[in-house]
Amino acid sequence: MTNSSSSDDGLSRGIDSHARDARAAQVEVVFPSEAAAQDLVPQDTAASQDTPATQASGGTAASTNDDACGDIASIVAKAIAALPPELAALAQDPKRHAKSKDPGWKYGFWPYEGKKEVVQCIFCKKEVPSGIKRFKQHIAGGYGDAVKCPKAPAVVRKEMDAYLKQNSRSFCEVEQEEGGEEGDQAAEGQGEVVVVAATAVPRSGTAIKAKKRAQASISSYMVTAAPKPATQKYSKAVNSMLCKSPEEVVAERHKSKNAQQTLEHCTKKGKEAKQIVDDHVADFFYENGIPLNVVNSRSWEILLESIGQYGPGYRSPSYHDMRNPLLDRAVQKTNELRAKHEQAWKEYGCTLMSDGWTDTSHRHLINFLANSPAGTFFLGSVDASSEVADATMLADLLEKQIHKVGKEYVVQIVTDNGANFKAAGRILMERIPHLFWTPCAAHCLDLMLEDIGKIKEFNTCINNAKKVCRFFYKHGRVLDLMRDKIGGDLVRPAVTRFATSFLTLASMHKHKQGLRSLFVSKEWQDNKLSATIEGEAVEKIVMSVPFWSRLENCLRASQPLLVALRIADGDETPAAPEIMAAMTIAKKTIKDSLKDKPQLLNEMLGHFDKRWDNQMEQKLYGAALFLNPAKFFVIREENKREASRLRSMFNDVLWKMVTDDDEQSKISKQADDYERSEGDAFSKALAIKDRDRKNPIL
């Protein structure tokens, strides 16, 4: 029996030894120091191992720590003393340090009040971006994310390195088992971290306490563990929770034109990798016949950003996914987007817009859109190729779209200035009493520019300018010489056809000296085209004084209208509260600039009144201007008659849109308070001070 038990004990010891060797092969625990290893030894065991010699050495260790703290304090004092006075003052300012016990703040400070992600080093004066952790890596050295500080003392470098390792996030979780010794054995069976003490083994009552202390201090070790079992749940990464959506990234990129390049863009490896990706993108476009202007769309940028955030291993959706489930999701998103717009229509009302055009197949299409403070939403398109686009047909189409949106929510309809659309607008206003019809302001201004371009003096100037531009862009060598002289292109394309001509005239006037110097240069004289009839004619035009005089008159007449066109056709601000004031200013500017040429001024004002005063003097625009505090109160101070006319327009709109007498009286009383700056709301000093900053729409 004795021999049998001895052999069994030996066998069990051999099995335990083999198990420990197997676990040691899977898990390697590296202790940074003996002090860290002592943290894992249970307190009872550690106390039992204390010796008189160890206790006697306690005072020496404490004194050594005090000396180390004194050395670091003297190092910091010397480093600050070596700084320039202004930097030394910042380094000693408590407001330039975070209220934290992080040791990194002993050696760095915030050089800028508004940029707390930048920390400056007191040793090498380098400004380190990306926060205090990157700064500590800069002090410690040996990290790929930060440049090593060349002047940091060894003791400081060692302190930062130990602190970074102690607070590293790369640690292995030790599962807590509450079953005493049985729980310990279960953990050992699963290949978890096991620390084998070289001396006494703790009692069973302290086993769980020892394991908890191990879990608390395990982050100070560098651990290489076996792969996680397949049954273990993976938690969501922190960077995925903090990462901005692709839509937000692209929006910020468009807001900030001078975006800072990433590290990958500045390295050779990044450039080579980008070249490979660019080649694949180009091949995809070429092989599938995709229009190249797709790369200018916002959705293309969002697509690339989302793939980049996903990372390697992304698999494209299948043909079936694109055809069914993803299409259904896209329809659902569109419906949700429409629901948001419908909320804005109910709160603010909306404008129904129609836009007729002809596609490449010569089909006559009419698009319908709804505009509100929430944006513009596409309602649908109608193929009217087989129909006669008379007033009744157009009125029926528009009325059908009005009922889809909600008759009570549509304030006005906007169409182009064609006679059939005008008649359709009158029919609709008879059918729906509260509705307004308004011609398109951008189309009206474009027609006005067309009329101005037909004035004899302006027409001659525009034709000569076209002749010069055609000559330049028809001959490559002359075009290259012209671009070299003026530093770019001459033609400036615009949103509308006739605005392009006047913008090109403005570009020619801006580069007048460069164009004239071209025709007196040696390169032009040596060119064979200078001796041709066409070349001589173009040279004569550019060198002619009367041409530039007519061009200046043309710009005086057109530039105020181009400013108004930019307001009417832009997306930055709502056009309705601004366009009427812009046209009033444009008319006044034209009168002042052409007062020395009465005949030309009379022709200009005739076209102005024909297109604007007779068509666009809409009461709805007057009401919108009345409710625009940034413009109205200036008009009230300068021209009380005009202010009274705007109030009259507002009253006409009020009586047409609101049928209830009590509500009419209430709104009229509030309008009186607004106009006179009276009442509890409009008489306040803050309300008067913020007139220029208030949005008249929201």
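This briefing describes strands, cysteines, salt bridges, a surface patch and backbone features of the structure above. The model is predicted. It holds 23 salt bridges and zero disulfides. One of its strand arrangements is a right-handed β-α-β unit made by β9, helix α19 and β10; another is an open sheet of three strands, in the order β2-β3-β4.

- Strand β9 covers residues 410-415 and runs parallel to β10, with four bridges joining the two.
- Within this pairing, Gln412 has Phe436 of β10 as its bridge partner.
- Helix α19, residues 419-431, belongs with β9 and β10 to the right-handed β-α-β unit.
- Strand β10, residues 436-439, is covered on both faces. Phe436 and Thr438 are buried on one side, and Trp437 and Pro439 are buried on the other.

**The β2-β3-β4 sheet**

- The three strands of this open sheet pair in the antiparallel sense.
- Its edge strands are β2 (108-109) and β4 (127-128), each of which pairs on one side only.
- Two bridges link β2 to strand β3, residues 119-121, in an antiparallel pairing.
- Phe109 stands opposite Gln120 of β3.

**Cysteines**

- A disulfide is a covalent bond between the sulfur atoms of two cysteines.
- The count of disulfides in this model is zero.
- For Cys444, the closest cysteine sulfur is that of Cys440, at 8.7 Å. A disulfide requires the sulfur atoms to be within 2.5 Å, so the separation of Cys444 and Cys440 is too far for a bond.
- Cys444 is buried, because its relative accessibility is 0%.
- Cys469 is also classed as buried, with a relative accessibility of 9%.

**Salt bridges within a helix**

- Side chains of opposite charge can pair when their charged atoms come close.
- Arg338 and Glu342 form a salt bridge in which the closest N and O atoms are 2.9 Å apart.
- These two residues are four residues apart in helix α17 (residues 325-348), so about one helical turn separates Arg338 from Glu342.
- Both partners are partly exposed: the relative accessible area is 22% for Arg338 and 29% for Glu342.
- Lys522 and Asp526 form another salt bridge, with 2.8 Å between the closest N and O atoms.
- Helix α25 (residues 522-526) contains both Lys522 and Asp526, which are four residues apart, or about one turn of the helix.
- Lys522 and Asp526 are both exposed.

**A salt bridge between helices, and a network**

- Arg647 forms a salt bridge with Asp672, the closest N and O atoms being 2.8 Å apart.
- Because Arg647 lies in helix α32 (residues 640-657) and Asp672 in helix α33, this pair ties together parts that are 25 residues apart in sequence.
- Arg647 is buried at 9% relative accessibility, and Asp672 is buried with a relative accessible area of 19%.

**Nonpolar surface patch**

- Leu303, Leu304, Ile307, Tyr310 and Tyr314 form a nonpolar patch on the surface.
- Together, these five residues have about 480 Å² of accessible area.
- Tyr314 is located in the loop between α15 (298-310) and α16 (319-323).
- The relative accessibility of Tyr314 is 42%, which means that this residue counts as partly exposed.

**Residues with positive phi**

- Most residues other than glycine have a negative phi.
- His362 has a positive phi, near 60°. This residue lies in the loop between β6 (350-358) and β7 (364-372).
- His362 is exposed, with a relative accessible area of 69%.
- Ser677 likewise has a positive phi, near 60°. The loop that holds Ser677 lies between α33 (661-676) and α34 (679-682).
- Ser677 counts as buried, at 15% relative accessibility.

How values were computed. Residues numbered from 1 in each chain as written. Predicted model: local features only at pLDDT ≥ 70, side-chain atom pairs only at ≥ 80, totals over all residues. Heavy atoms only, no water. Buried < 20%, exposed > 50% of the residue type's maximum accessible area, 1.4 Å probe, protein only. Pairing = 2+ DSSP bridges. Right-handed = clockwise from strand over helix to strand, strands pointing away. Patch = residues over 30% accessible without salt bridge, like charges linked within 9 Å, V, L, I, M, F, W, Y side chains within 5 Å. Areas by Shrake-Rupley, 256 points an atom, 1.4 Å probe, with all protein chains shown as cover. Salt bridge = Lys/Arg side-chain N within 4 Å of Asp/Glu carboxyl O.
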